Amino acid sequence: MTTNDAEDVEATVRAVLIDVLGLAPERVARFDESTRLFGALPELDSMAVAGLLTELEDRLGIRIDDDEIGGDLLGTFGALLTFARGKTLR
């Protein structure tokens, strides 16, 4: 998928959270910049992280290097969104 604006990236990130973690679309629609993810969502455990990141790579057409993965990346929805936009919108 080629994304060309911030709204496309946000929609894709939300879709990945729904599809990979099995979250309800209504719940993900309420996520804002400060919504906590890792450590707050039981669905986002260490096993789900790899699937989530792989799906983001596939859908956004990006590459996430191991050294970019840290606690801050999945700390909040805002952090994940900022990261995805930074990798996609260059």
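Buried, in what follows, means under 20% relative accessible area. The model I am showing is predicted.

I will begin with helix α4, residues 77–88. By that cut-off, the buried residues of α4 are F77, G78, L80, L81, F83, A84, K87 and T88. They pack against two other helices, α1, residues 6–21, and α3, residues 46–60. The length of α4 checks out: 12 residues at 1.5 Å a residue should span 16 Å, and the end C-alpha atoms are 16 Å apart, which agrees.

Next, α1. The buried residues of α1 are V9, T12, V13, R14, V16, L17 and L21. Their cover includes α2, α3 and α4.

Now the helix pairs. Two packed helices are described by the angle between their axes and the distance between the axes.

For α1 and α4, the axes come within 10 Å and cross at roughly 125°. The two helices are therefore oblique to each other. The crossing of α1 past α4 is right-handed. On the α1 side, the contact has A6, V9, E10, V13, R14 and L17, and these meet F77, L80, L81, A84, R85 and T88 of α4. Sorted by class, that contact has 8 nonpolar residues, 1 polar and 3 charged.

For α1 and α3, the packing angle is about 140° and the axes are 10 Å apart. That makes α1 oblique to α3. Again α1 passes in a right-handed crossing, here over α3. From α1, the contact is made by V9, T12, V13, A15, V16, L17, D19, V20 and L21; from α3, by A48, G51, L52, E55, L56, R59 and L60. The residues of this contact divide into 11 nonpolar, 2 polar and 3 charged.

Where is E33? E33 lies in the loop between α2, residues 25–29, and α3. Is E33 buried, exposed or partly exposed? Its relative accessible area is 47%, so E33 counts as partly exposed. Which residues does E33 touch, leaving aside its neighbours within four places in sequence? E33 is in contact with T76, F77, G78 and L81. For E33 and F77, the separation in sequence is 44 residues, while their C-alpha atoms are 5.4 Å apart in space. F77, G78 and L81 are also among the buried residues of α4, which brings us back to the helix I began with.

Definitions and conventions: Residues are numbered from 1 along each chain as its sequence is written. This is a predicted model: local features need pLDDT of at least 70, side-chain atom pairs count only at pLDDT 80 or more; totals for chains, interfaces and linings use all residues. Side-chain values use heavy atoms; hydrogens and water are left out. Helices (H or I, at least four residues) and strands (E, at least two) are DSSP runs, numbered from the N terminus. The expected span of a helix is 1.5 Å times one less than its number of residues. Buried means under 20% relative accessible area, exposed over 50%, partly exposed in between (1.4 Å probe, protein chains only). Contact means heavy atoms within 4.5 Å. Axes are lines fitted to C-alpha atoms, for helices over the stretch in contact, and angles run from 0 to 180 degrees between N-to-C directions. Angles under 35 degrees count as roughly parallel, over 145 as roughly antiparallel, 65 to 115 as roughly perpendicular and the rest as oblique. A crossing is left-handed if the near helix is turned anticlockwise from the far one by less than a right angle, and right-handed if clockwise. Ala, Val, Leu, Ile, Met, Phe, Trp, Tyr, Cys and Pro count as nonpolar, Asp, Glu, Lys and Arg as charged, and the others, Gly among them, as polar.
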